[in-house]
Amino acid sequence: MPEPEPHTYLEPQARWALAAVATGAFCVQLDSFALNLALPVLRDALHGSATGTPWVVSGYLLTAGSLMPLAGRLGDLYGRRLVLTGGLALFGVAAALCALAPSLPLLVAARVVQGVGGALIMPAGLALLTRACPPGRGRRAMGRALGLAGLATVCGPFLGGVLARSVSWRAVFWLTVPLAVAALVCARRAAESRDPVAGRSLDIVGALAATGVPACLARWLEHLAAWGWAVGLVLLGALFVRAERRAPAPLVDLALFRNRPYVALTVAGAVANSATVALLYVVPWTLQQGEGWSVRDAGVFFVVPAGALAVGGPLAGRVRPAAAVPVMALCLAVAGAALVAATRGTGAPALLLASTAAAVALGVAGGLTLTGTQAVVRRERAGEASGVTKAVLTTTAGAGLTLTGAGATGDGGGPSLLLPALVCLAVAGALVLPSVPALLVGRGLGSWWGG
């Protein structure tokens, strides 16, 4: 990797890009999680069914995760600012349509459209910010943007539940409309960038296969016994590889998957993201079902872990690219140990301490997934790389709930963080082994930070 350029102040256009990406990411993450606690209120208001109502969340996440590889490459080909502004406009319009939806089917349809907007925002925005900042400043800028998005991830369910019960579930969507407009105004002031060596032709077969693979993966992770989705995943994956090998201008250069730091950070980031989802689900459930707390009290309790998770993004921005994989391993090890402590601890103070420690480690790991992967790929194809990474993170998030045993029947005593903890520890060990030589010749922890 080339050495970072000396620290400089961000140019005005880079600051506009930072503001646009931070606000846009906040909107995408907020609407990803804000309806989780509001679904019962929404179902009663729209007279929805028990099977149809969850698609208000699933439809949005499935659409966003499936389209991110395509969206990332569109930004590289036609301009990241163009794709970002289009995504923000579509996201804002769809949010208004969601707020006005008179029935559940129309709300689900509007949420799918909103998912398309979210897919355009994230990979194009991250790539735009990467190109707008000097190499010595880009990681810190991206870390700040991801910190704000992390805050929305944790506070979203609590904020959505409060708004749904005290105002209306429609207020959740009205809240994001002015934010999307503000992000759009900022994005229009940022400098345009694209892949200068790419043509304007789009790999259609690769795009269709790349869209189907994350969709099948997400559905299979939600229902592991449904082998039809697994078969679809294998067949579409084979079609994708075949198409990319033959395409003169592939949607995703298969050399990306031979980039070991990129693959390691993406896989480890998916594990960290799944563990974060598990933490967000199990801790409030434990407080409400085990301790008898109200939703409001559980939300207030989670303010400290929420802040800890948000701090992870800026901290991740300070990690040098060469140390990204070792730091990721350390974060997963700390998170795994903290999650184990959360399962063993008794009482709210012990749970608060363990969940806060896990939140810090998972926040750094989540931010490092995006800052680190952007640092180890060619800047010209940053959109392609961020699209693949975000698709993996989004479509595997549901695995966190599966690992906790959420929804399982029997007398197991409720969801648990033990299995997510063991997965974190196992992946941390797998990352550490090839990194030991680098640690031995390094200059200690101090050489991991900076830039």
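Modeller: Gladly. Let us begin with a term: contact means heavy atoms within 4.5 Å. Of the contacts in the protein with a separation of 6 or more, 84% are between residues 24 or more positions apart. This is a predicted model, where local features need pLDDT of at least 70 and side-chain atom pairs count only at pLDDT 80 or more, while totals for chains, interfaces and linings use all residues. Residues are numbered from 1 along each chain as its sequence is written, and side-chain values use heavy atoms, with hydrogens and water left out.

Biologist: What does the secondary structure of the protein come to?

Modeller: There are 17 helices and zero strands. Helices (H or I, at least four residues) and strands (E, at least two) are DSSP runs, numbered from the N terminus.

Biologist: Why is Leu163 called buried?

Modeller: Buried means under 20% relative accessible area, exposed over 50%, and partly exposed in between (1.4 Å probe, protein chains only). Leu163 has a relative accessible area of 18%, so Leu163 is buried. Leu163 belongs to helix 6 (residues 135–166), and beyond its neighbours within four places in sequence, its contacts are Ser168, Trp169, Ala171, Val172 and Leu175. From C-alpha to C-alpha, Leu163 is 9.4 Å from Ala34, although 129 residues separate the two in sequence.

Biologist: How do you know that the length of helix 3 agrees with its number of residues?

Modeller: The expected span is 1.5 Å times one less than the number of residues. The 24 residues of helix 3 (residues 55–78) should therefore span 34 Å, and the end C-alpha atoms are 32 Å apart, which agrees. Helix 3 is mostly covered, with 19 of its 24 residues buried.

Biologist: What makes you place a kink at Met68?

Modeller: The bend at a residue is the angle between axes fitted to the seven residues ending there and the seven starting there. At Met68 in helix 3 the kink is about 50°, shortly before the proline Pro69.

Biologist: How do helix 1 and helix 3 pack?

Modeller: Helix 1 (residues 12–33) packs with helix 3 at an angle of about 140°, and their axes are 9 Å apart. Val28, Asp31 and Ser32 of helix 1 meet Val57, Tyr60 and Leu61 of helix 3. Axes here are lines fitted to C-alpha atoms, for helices over the stretch in contact, and angles run from 0 to 180 degrees between N-to-C directions.

Biologist: What makes Asn259 buried?

Modeller: Asn259 has 18% relative accessibility, under the 20% cut-off, so Asn259 counts as buried. Asn259 lies in the loop between helix 9 (227–246) and helix 10 (260–290). Leaving aside neighbours within four places in sequence, Asn259 is in contact with Val376 and Val377.
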